[in-house]
Amino acid sequence: MKTFDETLYALLNDVQVTTKTETINVADGLYRILAEDIVSSVNVPPHDNSQMDGYALHSFDLEHADTFPVSQRIAAGAVGTELENGTVARIFTGAPIPPGANQVVMQEDTEEVDGQIRIKVKANPNENIRKKGEDIQVGQTILKAGTRLRPQELGLVSSIGIGAIKVYQPLKIATFTTGDELLEPGEAPQEGKIYNANRYTLSGLIPQLGFELIDLGRVEDTLEATVDAIAKAAEQADVVMTTGGVSVGEEDHIKPAIEQLGSLYTWKVKMKPGKPLAYGKIKAQKGTIPFFGLPGNPVSAFATFKLFARPYLMKMQGASQIKTNPIWLAADFDWPKANFRRDFLRARITNKRQESVIEIYPQQGSGVLMSASWAEGFVVIPEDTTIAKGDKVAFYPFSTFV
Ligand SMILES: Nc1nc2c(c(=O)[nH]1)N[C@H]1C(S)=C(S)[C@@H](COP(=O)(O)OP(=O)(O)OC[C@H]3O[C@@H](n4cnc5c(N)ncnc54)[C@H](O)[C@@H]3O)O[C@H]1N2
Ligand code: MOO
């Protein structure tokens with residue numbers, strides 16, 4: 001059996017990063033991966049500007065007087081003129097500081113006296129002034145190729161005036177579910193059958209990462225139909241993914257089909273859930289296409305997607321940041337039985353007496369999908385380890401796998 005780390009390492013080493021790019025509007029860029037560095041040709045802000053609504057003046061004048069006439073008015077978007085000695089400029093938040101002023105007094109610290117402005121509370125030089133280039137400077141690389149664009153990155157790119165960006169084309173991922181026991185939701189229940197859950201979990205997991213889902217449903221359970229369907233899927237997709245049929249039973253056509261179309265490796269990974277995992281390469285006209293065979297148990301399929309397929313696909317999509325960091329918190333549970341497989345327990349954070357602790361779902365079976373729905377992440381119990389209440393454990397929020 002391979003360890004979790006060996007398996008992930010082997011998979012990530014085998015990734016071929018996509019080269020297909022496209023240029024899109026920034027507004028369409030959410031969760032896409034940048035295919036170019038973004039370098040600024042402007043300063044942000046472009047000029048020293050006021051942080052407050054108030055009055056711009058020079059601190060020198062405050063040494064001689066505290067009441068001044070208003071010599072000009074500068075709104076945001078306008079440009080002032082050189083400030084006359086012994087006067088103030090009415091100024092608004094975001095408006096450029098006029099030459100000759102070196103501070104802004106906010107209007108709450110002033111009062112009007114006979115048409116002039118009295119400064120009640122003195123500001124210091126540079127106070128209430130946002131400096132030119134304080135955020136971004138000309139020539140600065142603000143984002144590197146490989147960055148996944150979150151809302152704040154869309155704003156950041158726009159803040160330097162860039163309207164179109166080069167990103168990687170979303171990977172197309174074709175999926176099947178296998179198993180004669182499966183009914184689709186909406187169908188009448190039947191003796192011996194269960195409803196297909198994995199198809200719908202994948203229909204969320206794949207688009208959630210920004211990939212294009214090609215849902216091929218279920219394939220007739222013969223070798224010919226399976227070979228045919230996978231071969232066709234490989235021509236239209238960048239990756240083919242299935243769930244089920246990767247353990248040792250004979251009722252399965254996925255393995256011989258992939259072997260016929262390319263090569264297949266099946267691994268037993270020292271982890272729970274998700275021991276069996278299949279990975280392979282399918283020969284297509286355009287080249288070889290990766291294949292993932294996730295285990296059929298619904299929690300195992302969910303976990304192996306998050307823990308193996310996600311980093312693989314994100315790397316393939318061009319993302320540079322694929323590692324997730326845990327939060328270390330005290331366990332609010334005991335885990336008295338050591339397992340030689342690494343456990344990924346479904347868990348969530350709860351607050352006890354102003355301290356955050358980790359609780360786990362009481363049933364941790366690979367078929368208990370309620371555990372994944374109840375949970376907010378995985379807590380990782382290393383191989384051959386027991387946990388007592390109060391021990392620090394590593395918690396990986398599901399949200400960090402997005
Ligand atoms: N002799 C052995 N048997 C099993 C082993 C083993 O090492 N030796 N490993 C077990 C482990 S661990 C897992 S996980 C499963 C994985 O099995 P498969 O990937 O072959 O999956 P199936 O047998 O097709 O299904 C397992 C289980 O999940 C249900 N299932 C399948 N697809 C779906 C779906 N789309 N939606 C909902 N539920 C699904 C299926 O009915 C089975 O109950 O193998 C163990 N066995
Ligand atoms: O991988 Mo299996 O998930 O241990 O049931």
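This is a predicted model: local features need pLDDT of at least 70, side-chain atom pairs count only at pLDDT 80 or more; totals for chains, interfaces and linings use all residues.
Where in the protein chain is the place of Pro 45? Pro 45 falls in the loop between β2 (38-39) and β3 (49-50), and the peptide bond that joins Val 44 to this proline is cis, with omega at about -5°.

**Overall form**

- The protein chain has 8 helices and 27 strands.
- The radius of gyration of the protein chain is 30 Å, well over the 21 Å that the globule rule gives for 402 residues, so the chain is more spread out than a compact globule.

**Ligand 1**

- Ligand 1 sits in the largest pocket, with 22 residues around it, of which Glu 181, Asn 196, Ala 197, Val 246 and Gly 296 come nearest.
- The shell around ligand 1 divides by class into 9 nonpolar, 9 polar and 4 charged residues, and β16 (194-195) and α7 (298-316) each supply at least two residues of that shell.
- Two lysine side chains make polar contacts with oxygen atoms of ligand 1: a polar side-chain atom of Lys 268 lies 3.4 Å from one oxygen atom, while for Lys 275 the distance between a side-chain N or O atom and an oxygen atom of the ligand is 2.9 Å.

**Ligand 2**

- Ligand 2 sits in the largest pocket, and the residues around it are Lys 272, Pro 273, Gly 274, Lys 275, Pro 276, Asn 297, Ser 300, Arg 341 and Ser 366.
- By class, the shell around ligand 2 is made up of 2 nonpolar, 4 polar and 3 charged residues.
- A polar backbone atom of Gly 274 is 2.5 Å from an oxygen atom of ligand 2.
- Side chains also reach oxygen atoms of ligand 2, with an N or O atom of the Ser 300 side chain at 2.3 Å and an N or O atom of the Asn 297 side chain at 3.1 Å.

**Backbone features**

- Most residues other than glycine have a negative phi, and most peptide bonds are trans.
- A cis peptide bond joins Lys 272 and Pro 273, with omega at about 0°; Pro 273 lies in the loop between β20 (271-272) and β21 (276-284), and both Lys 272 and Pro 273 are among the residues around ligand 2.
- The phi of Asn 128 is near 65°, a positive value in a residue other than glycine, and Asn 128 lies in the loop between β10 (116-119) and β11 (129-130).

Technical notes
Residues are numbered from 1 along each chain as its sequence is written. Chains are lettered from A and ligands numbered from 1 in the order in which they are written. Side-chain values use heavy atoms; hydrogens and water are left out. A residue is near a molecule or strand if one of its heavy atoms lies within 4 Å of it. A polar contact is a pair of N or O atoms within 3.5 Å; within protein, one must be able to donate a hydrogen and the other to accept it, and residues adjacent in sequence count only if both atoms are side-chain atoms. On a 1 Å grid over the protein atoms alone, a cavity is a set of points where a 1.4 Å probe fits but cannot get out, and a pocket is an open set with protein on both sides within 12 Å along at least five of seven lines; lining residues have an atom within 4 Å of a point. A molecule sits in a cavity or pocket if more than half of its atoms lie within 2 Å of its grid points. Helices (H or I, at least four residues) and strands (E, at least two) are DSSP runs, numbered from the N terminus. Ala, Val, Leu, Ile, Met, Phe, Trp, Tyr, Cys and Pro count as nonpolar, Asp, Glu, Lys and Arg as charged, and the others, Gly among them, as polar. The radius of gyration is taken over C-alpha atoms; the globule rule is 2.2 Å times the number of residues to the power 0.38.
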